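Please go through the report below with the sequence and the model side by side.

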Amino acid sequence: MSGVHGMGLRLILLALLFTSTYAHSWVEQLMVIASNGTFVGSPGYPRGFVPRSDPAFSDDAMVYLLPPAGKASVTSTDNLCRETQRKKVQSEGSPRLQASAGAAIALRYQENGHVSLPETQIGKPNNRGTVYVYGTTNPKENEKLLDVYKVWNEDGTGGDGRGVLLAKRDYDDKRCYQVNGGQISQRRQTEFSHGADQYMGGDLWCQSDIALPDTASSGKPYTLYWVWNWPTAAGADPNLPNGKEEMYTTCMDVDVVDHSDSRMSTKAKYLQDQSLNSASIPDQFKQIFGSKSAGSGGVSSSAFVTPAPSQPATVPPMATVTVTSFVTSVKIVRETGSA
Ligand SMILES: [Cu+2]
């Protein structure tokens, strides 16, 4: 292969990689986590969810950028939720998650290259930004970002006291990847391999794992705000000498039900070697559990085996998996390039 030919292939590959990073992120799905760390039950969805399979889907149907395009900073009038997520309304076919008070829940999202292709954006944090998850039983339709973000605290004494900070997580959960030709993805595809499923295909989605408060009342919705802070540092990008504020949010509700089997057991213990298609993140699971029961520890013990969950996560047939042309293209380019 000549050098010119190789360069051309590399440019095509780069173009594909860049194209793939436009998507940004939002919460795609909520799952209850059983006391062995495995997802159980049926998925729940954010307010006004538009599935990727919907003909009306585009990134713009789900992305919510703050500050809004054209503004340098978030101001007191900026809404926390995108317009389609300000009311407690679900889309047809995308219901709320059902979970009991105290249940552990995974908020799942796609990294879209923000983790696996960090070279496409200069000056971003090493943890790919920080996710803040807030909870309230008393949300406002026109909730303002700055009334909640870094104001509500773990004790519920921040700001107007209507809500709490449930968790602060690294955007990169240290496992997730999009299938692409980047080194991080290649490494993680080996280390965290899994069979393609209907939701993720070959990708492995990221998670923010949290727990509902034990005090959440049954029969009522509990509101979650997922806020991803992904700033550009000052001085890193010559085009952005002062850096840049960049945040994305998803707003969602969970139906709090009286179901003892989704309640986090004090005997919770993470089951090692479980399928990554329905596994929570061990260190986040440990953080949730550690705060709920003293002396739990032991997440790394492989000798302890918990019973299988009574209600396994639905695993749809493999036949419905769609391989995108993007992934196919990258593979072809790589194979040709290395020939
Ligand atoms: Cu993005």
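## The C81–C251 disulfide

C81 and C251 are both buried (buried means under 20% relative accessible area, exposed over 50%, partly exposed in between, with a 1.4 Å probe and protein chains only). A disulfide joins the two, with 2.1 Å from S to S (a disulfide is a pair of cysteine sulfur atoms within 2.5 Å). The torsion about the S-S bond is -95°, a left-handed link between C81 and C251. This pair connects distant parts of the chain, 170 residues apart. C81 sits in the loop between β3 (65–66) and β4 (97–99), while C251 belongs to strand β10 (residues 247–256). Helices (H or I, at least four residues) and strands (E, at least two) are DSSP runs, numbered from the N terminus.

The model is predicted: local features need pLDDT of at least 70, side-chain atom pairs count only at pLDDT 80 or more, and totals for chains, interfaces and linings use all residues. Residues are numbered from 1 along each chain as its sequence is written, and side-chain values use heavy atoms, with hydrogens and water left out.

## The C176–C206 disulfide

The whole structure holds two disulfides. C176 and C206 are also joined, with S to S at 2.1 Å. Their S-S torsion is about 75°, so this disulfide is right-handed. C176 lies in the loop between β7 (163–170) and α3 (183–191), and C206 in strand β8 (residues 206–211), so the link ties together parts 30 residues apart in sequence.

Is C176 buried or exposed? C176 has 0% relative accessibility, so C176 counts as buried. C206 is buried too, at 0%. With the bonded cysteines numbered in sequence order, the pairing reads 1-4, 2-3.

## The copper site

Which protein atoms are donors of the copper ion? They are ND1 of H24 and NE2 of H114, lying 1.9 Å from the ion. H24 is in the loop between α1 (3–20) and β1 (27–33), and H114 in the loop between β5 (104–109) and β6 (130–136). The two are 90 residues apart. Donors are N, O and S atoms within 2.8 Å of the metal (3.2 Å for Na, K and Ca); water is not among the atoms, so sites may look incomplete.

H24 has 15% relative accessibility, so H24 counts as buried. H114 is buried at 2%.

## The four-stranded sheet

Four strands form an open, antiparallel sheet in the order β2-β1-β5-β8. Two strands pair if DSSP finds at least two bridges between them. The edge strands, β2 (39–44) and β8, each pair on one side only.

Antiparallel β5 and β8 are joined by six bridges. A104 stands opposite A211 in β8.
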